[in-house]
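Subject: Structure for your review

Dear colleague,

Please find below the structure that I am handing over to you. My findings follow directly after it.

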Amino acid sequence: LVEESGAEAIDLGIIPDQPGELRKRFEEALGAADVIVSSGGVSRGSKDHIKALLQDLGTVHFGEMCMKPGKPTTFATALPPAHTTVAGARHRLVFALPGNPEAALALEQLRGRPLGAAAYPRVDAELAG
C-alpha cells in the first residue's frame with residue numbers, strides 16, 4: 001500500500017512488546033523515514049506500549065477515534081533522536097494503527113494516505129533536455 005502511493009517502504013519487522021526494544025526500533029524508524037506506520041500495541045492491554053512511547057518521544061495529537069474498527073488509532077509527531085535539539089528540524093508523522101488487519105487497512109486508506117500526502121507532497125518533474 002505504501003509503495004502504491006509513491007513512497008518507499010522500509011520494513012523494520014515484528015517488534016516484541018517490550019518497551020526498551022520498541023523505543024530502540026521507533027528511534028531507528030524516526031531516523032530513517034518521514035512517515036512511520038505501525039500496527040498493533042495501541043489499545044489498552046498490558047502489552048500495549050506504543051501510546052506511552054509516543055508521548056515520551058514526541059506529541060500525541062490523538063489516541064482514539066470514533067470509528068470501528070480502528071478506535072485505538074494513534075497519531076503523533078516526533079523528531080528523529082539526533083535532531084531533538086536542532087532548530088528547524090522536521091517532525092516525522094507517526095500513525096500507530098490497531099493490530100486488527102481490517103482496521104489497519106481501512107485507516108491507512110481513509111486517514112494515513114491523505115494526511116501523509118498533505119504533509120509530504122509528491123513532486124513529479126521532468127528534466128529538460
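I begin with E64, which is partly exposed, with a relative accessible area of 37%. This value, like the others in this message, comes from a predicted model. The side chain of E64 meets that of R44 in a salt bridge, with 2.3 Å from N to O. E64 lies in the loop between β2 (58-62) and β3 (74-78), whereas R44 lies in the loop between β1 (35-39) and α2. The two residues are 20 residues apart, and the pair links distant parts of the chain. R44 counts as exposed because its relative accessibility is 69%, and the cut-off for that class is over 50%.

R23 is partly exposed, at a relative accessible area of 27%. For E27 the relative accessible area is 27%, and this residue is partly exposed.

R23 also forms a salt bridge with D56, and here the closest N and O atoms are 1.8 Å apart. D56 lies in helix α2 and R23 in helix α1, so this pair ties together parts that are 33 residues apart in sequence. D56 counts as exposed, at 53% relative accessibility.

Which residues do the salt bridges with shared partners join into one network? They are R23, E27 and D56.

Finally, I should comment on confidence. The protein chain has an average pLDDT of 78, and 74% of the residues score at least 70. Confidence is highest in helix α2 (residues 50-57), at a mean of 94. D56 lies in this helix. Confidence is lowest in helix α3 (residues 101-119), where the mean is 64. Where pLDDT is low, the predicted coordinates should not be read in detail. Please keep this in mind when you view helix α3, with its mean of 64.

Yours sincerely,
A colleague

How values were computed:
Residues numbered from 1 in each chain as written. Predicted model: local features only at pLDDT ≥ 70, side-chain atom pairs only at ≥ 80, totals over all residues. Heavy atoms only, no water. pLDDT = per-residue confidence, 0-100. Helix = DSSP H or I, 4+ residues; strand = E, 2+ residues; numbered from the N terminus. Buried < 20%, exposed > 50% of the residue type's maximum accessible area, 1.4 Å probe, protein only. Salt bridge = Lys/Arg side-chain N within 4 Å of Asp/Glu carboxyl O.
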